[in-house]
Amino acid sequence: MRQFIFIILSILTFSPSFAQVGEYRNDFAIGGSAGYTMSSIAFVPTVPQGELGGLTFGFTARYTCEKYFSSICAVVGEVNYAQIGWQERIWDKKDQPVVMLSDTTQSLAYSRKMAYVQIPFMARLGWGRERSGLQFFFQLGPQIGFFLNEKTETNFDRLTETKNQRSSYVVAQDTMAVENKFDYGIVVGGGVEFSNRHLGHFILEGRYYYGLGNIYGATKRDYFARSNFGNIVIKCTYLFDIVRTKNSKIK
């Protein structure tokens with residue numbers, strides 16, 4: 001938790017500090033985004049997994065405060081709905097291929113999909129055009145999440161003994177509900193933005209989220225020592241300007 005607080009303080013102090021020496025900007029844009037997530041959970045002891053696919057969409061706001069040499073500095077805040085979780089890799093026997101829910105010829109399959117409200121707050125550096133043309137960017141910051149609900153998809157009775165039919169003897173997670181409803185971690189990403197003075201900003205981005213919290217208890221008395229998220233997100237965002245700096249030299 002101390003790591004998370006340090007990251008938030010660093011981001012909050014990072015952005016305003018540039019405004020004292022760079023070219024002034026006062027641009028504020030809002031819009032929405034939608035994308036696809038690929039998620040898993042780092043269990044200790046290990047649970048063999050594949051990436052679980054899900055959807056994400058939400059609201060985005062961006063404030064651009066200045067241009068420092070060639071770097072365009074901004075802060076970005078979002079409120080997103082996201083489907084994340086894990087999909088187990090189960091074999092009928094040790095030497096047989098991966099079993100997925102879509103494969104009806106195999107006997108065991110399991111996935112857990114959870115819904116979260118995720119709120120990232122990121123510092124953003126961009127290079128390129130601000131009003132008309134392409135801009136490449138990098139962004140980094142903390143993210144918090146609030147658990148909404150979960151849904152399990154499986155083709156076997158979770159209370160039935162199946163250890164001898166699986167590639168792993170770690171099965172406790174199949175019958176455990178999420179214990180920690182609050183999630184937190186670090187998000188980092190980058191992408192490309194196309195801007196048009198009249199149409200707005202069109203953004204394509206990839207990002208990775210590393211969870212610092214666990215969905216289950218992680219004390220010596222708990223089964224799992226670690227159960228944190230790892231999410232890859234590909235998303236498209238559209239923003240339109242609410243406030244724009246009055247400077248005809250900005251390209």
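Predicted model: local features only at pLDDT ≥ 70, side-chain atom pairs only at ≥ 80, totals over all residues.
**Inside: the cavities**

- The model has four cavities of 30 Å³ or more.
- The largest cavity has a volume of about 120 Å³. Its lining is made of 13 residues, and the closest to its centre are Asp 27, Arg 62, Thr 64, Glu 130 and His 201.
- The largest share comes from β1, with three residues.

**Strands side by side**

- Start with strand β6 (residues 133-154), which is joined to β7 by 14 bridges, the two strands running antiparallel. One place to look is Gly 141, whose bridge partner in β7 is Val 187.
- Next, strand β7 (residues 182-196) pairs with strand β8 (residues 200-211) over 12 bridges, again in the antiparallel sense. These two strands form a hairpin, with three residues between them.
- Val 188 stands opposite Tyr 208 in β8, while Gly 185 has Gly 211 of β8 as its bridge partner.
- Moving on, β8 also pairs with strand β9 (residues 226-243), in the antiparallel sense and over 10 bridges. Here Phe 202 has Tyr 238 in β9 as its bridge partner.
- A general point to keep in mind while you look: side chains in a regular strand alternate between the two faces of the sheet.

**Outside: a nonpolar patch**

- On the surface, Phe 28, Tyr 63, Leu 134, Phe 136, Phe 194, Leu 199, Phe 202, Tyr 238, Phe 240, Ile 242 and Val 243 form a nonpolar patch. Together they have about 980 Å² of accessible area.
- Which strand gives the most to the nonpolar patch? That is β9, with four residues.
- Strands β6 and β9 each supply at least two residues of the patch, and Tyr 63, another member, lies in strand β3.

**Two backbone details**

- Most peptide bonds are trans, and most residues other than glycine have a negative phi. Keep that in mind for the next two stops.
- Val 44 and Pro 45 are joined by a cis peptide bond, with omega about 5°. Pro 45 has its place in the loop between β1 and β2 (49-50).
- Phe 69 is a residue other than glycine with a positive phi, near 55°. You will find Phe 69 in the loop between β3 and β4 (71-88).

Key
Residues numbered from 1 in each chain as written. Heavy atoms only, no water. 1 Å grid on protein atoms, 1.4 Å probe; cavity = no way out; pocket = protein on both sides within 12 Å on 5 of 7 lines; lining within 4 Å. Points joined across faces, edges and corners; volume = space filled by probe spheres on them. Pairing = 2+ DSSP bridges. Patch = residues over 30% accessible without salt bridge, like charges linked within 9 Å, V, L, I, M, F, W, Y side chains within 5 Å. Areas by Shrake-Rupley, 256 points an atom, 1.4 Å probe, with all protein chains shown as cover. Salt bridge = Lys/Arg side-chain N within 4 Å of Asp/Glu carboxyl O.
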